[in-house]
Amino acid sequence: MDYINSLLGILLSAVLTENFILVKFYGICPFMGVSKKIDTALGMGMAVTFVMALASAATWAVNAFLLVPFGLTYMQTVAFILVIASIVQVVEMFLKKSVPALYQALGIFLPLITTNCAVLGVALVNVQKGYDFLQSVVNGAAGGLGFTLAIVLFASLRQRVDKADVPKCFQGFPITLIAAGLLALAFMGFSGLKVF
Amino acid sequence: MSQKNSALYILRLALTLLAITAAVAAALAGVNAITAPRIAQANALKTQQAIEAVLPGGGEPLDVFPDETGLVSRVYASDTGYAVEVTPTGFDNTITMMVGVDKSGQVLGIDIISHTETAGLGAVSAAKTTAGEVFRGQFAGCSGEVSVAKDGGSIDAITGATITSRAICSGVNAALACVAGLN
Amino acid sequence: MNFKKQFEEGLLTKNPVTVQLLGMCSVLAITTSLFNGLGMGLSVTIILICSNVLISALRKVIPSQIRIAAYIVIIAGFVTIVDLLLKAYLPDLSESLGVFIPLIVVNCIILGRAEGFASKNGVLASAVDGLCQGIGYTVALVIMCVIRELLGSGTFGGGLLNGGEGIRLLPAQFPAMMMVMPVGGFLTLGFVIAGSQWLMARLDRKNRKNRKGGR
């Protein structure tokens, strides 16, 4: 029971109290770039969640069975990023064959998931916190869900902002960042939430 | 030319990537060999300094100690008391701290070994500044259970860092519970 | 190769943070004290120069199909070297920057420059490019740090000056704590980019006026 509680706790914190984008600042680049339409944002979020869960599982295994037993923990960064790049490559090929519509819609952002700080970030955090296999996967998936929540919220914000009258030098990214800041302020309200 | 898709070409690509990775791995192994002893030394020194700070005279590590909270990682014992290393979760990540407890169950002092709390907020708890020392000094002489004023206790939390302060309290409580179990 | 032009580009017109909008994760996350900002800026600049130089030197040898993977491995190598060196010789900085040091691997600036410049230019030009972009990044970081630290903690030079406490410029009750929290990061960067866009628009208007006046 305690274990399930800890898993639910990880889920809740990764989505709300320690939201990967708005609190911990992982995954900012795609957050800024992709989120203009809600359905694209949702598709991107789902893809990232999938990659994050898979990457958490794979990197945990590589760390536990390869790096630690052979004393190669200094190779963590190199090994993890290679694993992530391979996973993204495989997901890309899979989507191209099976769901070409999504593949087209995501465009350049699909290979860019490799450089998404959130994916490598969650892999490193899993190791840092000493999570076991299931905890790592839950953390990865939950982080992805938090990421999805943030970019979908943000896409709807941006749709309104784009129609507003913005001062010249604030047009484009500055006003977007300020909107994101207000969203981050709102999420601060979740801090200290500890149901599990 | 069909050569681009042939298995041999793909093998060549894979081998080139493998060669680059191997070269990088070799370079890293070299740097690691040079830095690892120094890193280990710095870590050991940090722990030693933390033990000295909370339990003057140091202590010997214990192999077995009671721990219901899961936060206690190491215990050092001496004639005057214990130095307990605890790892509560703060705002950002784990806070590693050393709590000195005397044989009667009173806190001698606390020392923060490592943390990743926000600079200017939670990080004040570990800072060598007046504010930091005032915060840490509050724990000396406490026993039983400590908590921040918001939770009905006597500890003044750091402004804007309630979560960090709460975490440190839970670390101290874990240490006190452990020592109570040892006595 | 025009050093002055590259420097100006790195600093203003093609600044990796304010114009190209790369490397934002680190800019928003660690800019809470001057110590962090300078440390991160320096680390990224060193890694940028090293990886640019090596990738440029190997650009004719790495096959095109695997070039991104190869660049990532090389960059990850340099990042790990810097990570280990920091852990050994500057443990305070290593702890302060935390997971964002290994995350330099996915800092889009480095991969972006490798793919966009180092893979197409000579070793010296790539080294200079790395230096200029790195300086632009560091300047943006420092500006962010100074603003956030001043408005959020009321000090200047946190972690470096005055024995680590920083010089107190504002009385303790004054600062808005939210500036050192995620909100503050977003807001400050928004204003900094707005400021940079305003500056570039003004320079652009001045250049156009000069060109017209010269006829």
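**Close-up views of a predicted three-chain model**

View 1. In strand S2 of chain B, B:Ala77 is the bridge partner of B:Glu60. The model shown here and in every other view is predicted. Strand S1 of chain B covers residues 60-61, and S2(B) covers residues 72-77. The two strands run antiparallel and are joined by 2 bridges. Strands of a sheet pair through backbone hydrogen bonds, either parallel or antiparallel.

**View 2. The hairpin of S2(B) and S3(B).** Strand S3 of chain B spans residues 81-86. S2(B) and S3(B) run antiparallel, with 5 bridges between them. How many residues lie between the two strands of this hairpin? There are 3 residues between S2(B) and S3(B). Look for two facing pairs. B:Val72 stands opposite B:Val86. B:Val75 stands opposite B:Val84. In a regular strand the side chains alternate between the two faces of the sheet.

View 3. Strand S4 of chain B, residues 96-102, is joined to S5(B) by 6 bridges. These two strands are antiparallel. B:Met98 has B:Asp111 in S5(B) as its bridge partner. The hairpin has 4 residues between its strands. There, B:Gly105 takes a positive phi near 90 degrees.

**View 4. The whole sheet of chain B.** Now put the strands together. Chain B has an open sheet of 5 strands, in the order S1-S2-S3-S4-S5. The pairing is antiparallel. Which strands stand at the edges? They are S1 and S5 (107-114) of chain B. Each edge strand has a single partner strand, so one side of each is left without a neighbour in the sheet.

View 5. H7(A) runs over residues 133-162, which makes 30 residues. At 1.5 Å a residue, the helix should span 44 Å. Its end C-alpha atoms are 43 Å apart, which agrees. At the N-terminal end, A:Asp132 caps the helix. A side-chain oxygen of A:Asp132 lies 3.2 Å from the backbone nitrogen of A:Leu134.

View 6. H7(C) takes in residues 123-153, a run of 31 residues. Just after the helix comes C:Gly154, with a positive phi of about 80 degrees. An α-helix has 3.6 residues a turn, so residues three or four places apart point the same way.

**View 7. A salt bridge within chain C.** The side chains of C:Glu115 and C:Arg67 meet in a salt bridge, 2.8 Å from N to O. This pair links distant parts of the chain. C:Glu115 sits in helix H6 of chain C, and C:Arg67 in helix H4 of chain C. They are 48 residues apart. A search of the whole structure finds 9 salt bridges over all chains.

**View 8. Where chain C meets chain A.** Here 32 residues of chain C are in contact with 35 residues of chain A. About 3,000 Å² is buried between the two chains. Carbon and sulfur atoms give 87% of that area. Which residues of chain C lose the most area to chain A? They are C:Cys25, C:Val106 and C:Phe186, together 21% of what that side buries. The rule finds 2 residue pairs in polar contact across the interface.

**View 9. The helices on the chain C side.** Four elements of chain C each supply at least two residues of the side that touches chain A: H2 (24-30), H4 (67-89), H6 (108-118) and H8 (182-214). H8(C) gives the largest share, 11 residues. Nonpolar or charged: what makes up this side of chain C? The residues divide into 27 nonpolar, 5 polar and no charged.

**View 10. Where chain A meets chain B.** In this contact, 10 residues of chain A touch 10 residues of chain B. The buried area is about 900 Å², and carbon and sulfur atoms give 61% of it. A:Tyr74, A:Met75 and A:Lys129 supply 44% of the area that chain A buries here, more than any other three residues. The count of salt bridges between chain A and chain B is 0. The rule also finds 0 residue pairs in polar contact, with both residues at pLDDT 80 or more. The side of chain A that touches chain B has 4 nonpolar, 3 polar and 3 charged residues.

Methods: Residues are numbered from 1 along each chain as its sequence is written. Chains are lettered from A and ligands numbered from 1 in the order in which they are written. This is a predicted model: local features need pLDDT of at least 70, side-chain atom pairs count only at pLDDT 80 or more; totals for chains, interfaces and linings use all residues. Side-chain values use heavy atoms; hydrogens and water are left out. Contact means heavy atoms within 4.5 Å. Buried area is the accessible area (1.4 Å probe) that two parts lose on being put together, summed over both. A polar contact is a pair of N or O atoms within 3.5 Å; within protein, one must be able to donate a hydrogen and the other to accept it, and residues adjacent in sequence count only if both atoms are side-chain atoms. Ala, Val, Leu, Ile, Met, Phe, Trp, Tyr, Cys and Pro count as nonpolar, Asp, Glu, Lys and Arg as charged, and the others, Gly among them, as polar. A salt bridge is a side-chain nitrogen of Lys or Arg within 4 Å of a carboxyl oxygen of Asp or Glu. Two strands pair if DSSP finds at least two bridges between them. The expected span of a helix is 1.5 Å times one less than its number of residues.
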